[in-house]
Amino acid sequence: DFGFEPIVYTADQAEYPVLDPSLAKDIPEGIKIIKTPVWEPYQLYKAFTGQKKEERVVSGFLQEKKGKTNWTRKVSLWLRANVFIPDARCFWIRPSVRFLKQWLKENPVDLLVSTGPPHSMHLIGLALKKHSGLPWLADFRDPWTNIDFASDLPMTKWAKHRNAMLEKRVLKHADCVTVVSDLMREEFTLAGRAPVQVITNGFDPDDFALNSANPIQTNDKFTLVHTGSMN
């Protein structure tokens with residue numbers, strides 16, 4: 001709609017906590033989508049903790065079943081906090097950077113956009129920015145070091161320092177940073193760099209078209225809708 005032709009780079013057969021195949025219909029025809037394999041620890045995590053293979057894992061915070069605090073979950077949580085930095089997609093960073101460096105040589109683009117979480121995506125963007133010098137927009141849908149469950153992760157001092165350093169490096173080198181709320185803008189603002197921009201979450205107007213077969217019926221009631229997780 002705004003004159004840009006996006007090229008999407010994403011993981012092939014990645015683990016997601018929620019899948020909605022119906023959203024695929026919103027992808028315009030002709031959009032180039034590149035996928036490469038990703039190794040994730042979730043199958044090992046499921047086997048280690050006794051979860052079924054078909055169960056989905058909340059990728060941000062492995063200890064989603066708070067009632068079960070057996071030693072396998074405690075060990076898994078410690079590994080999540082101190083080994084998989086910044087998240088379980090960290091093993092996709094180097095292969096992606098290596099692949100995309102070569103791909104960009106043969107397929108020039110105008111700018112880079114990374115969106116997270118998972119914040120490993122921003123580290124891919126950071127490496128490509130340093131290599132190519134292309135303008136880079138880092139888009140944050142959630143906080144990084146200040147995420148709501150950070151206090152529940154048994155991080156060592158080293159892990160906390162590592163996450164904070166990586167976050168600051170991304171904020172320092174990105175040409176533009178976008179977030180979804182005013183509070184996040186305050187959290188991500190760094191002295192001496194361009195202001196952080198707020199683009200709040202929205203909706204697709206096509207889903208609420210007035211001429212649709214089933215238009216939304218209005219009434220005199222005032223309704224509040226929460227579209228997200230209650231952590």
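Read along the sequence, the chain of this predicted model follows the pattern β-β-α-α-α-β-α-β-α-β-α-β, which amounts to six helices and six strands, where helices (H or I, at least four residues) and strands (E, at least two) are DSSP runs numbered from the N terminus. Local features need pLDDT of at least 70 and side-chain atom pairs count only at pLDDT 80 or more, whereas totals for chains, interfaces and linings use all residues. Residues are numbered from 1 along each chain as its sequence is written, and side-chain values use heavy atoms, with hydrogens and water left out.

Of the 231 residues in the chain, 33% are buried, a term that stands for under 20% relative accessible area, with exposed meaning over 50% and partly exposed lying in between (1.4 Å probe, protein chains only). The chain exposes about 15,800 Å², of which carbon and sulfur atoms supply 56%, as computed by the Shrake-Rupley method with a 1.4 Å probe. Among contacts (heavy atoms within 4.5 Å) with a separation of 6 or more, 63% come from residues 24 or more positions apart.

S120 is placed in helix α4, which covers residues 120-132, and S120 counts as buried because its relative accessibility is 0%. Leaving aside residues up to four places away in sequence, S120 touches P86, D87, R89, C90 and I93.

By contrast, D207, in the segment after β6 (197-198), counts as exposed because its relative accessibility is 52%.
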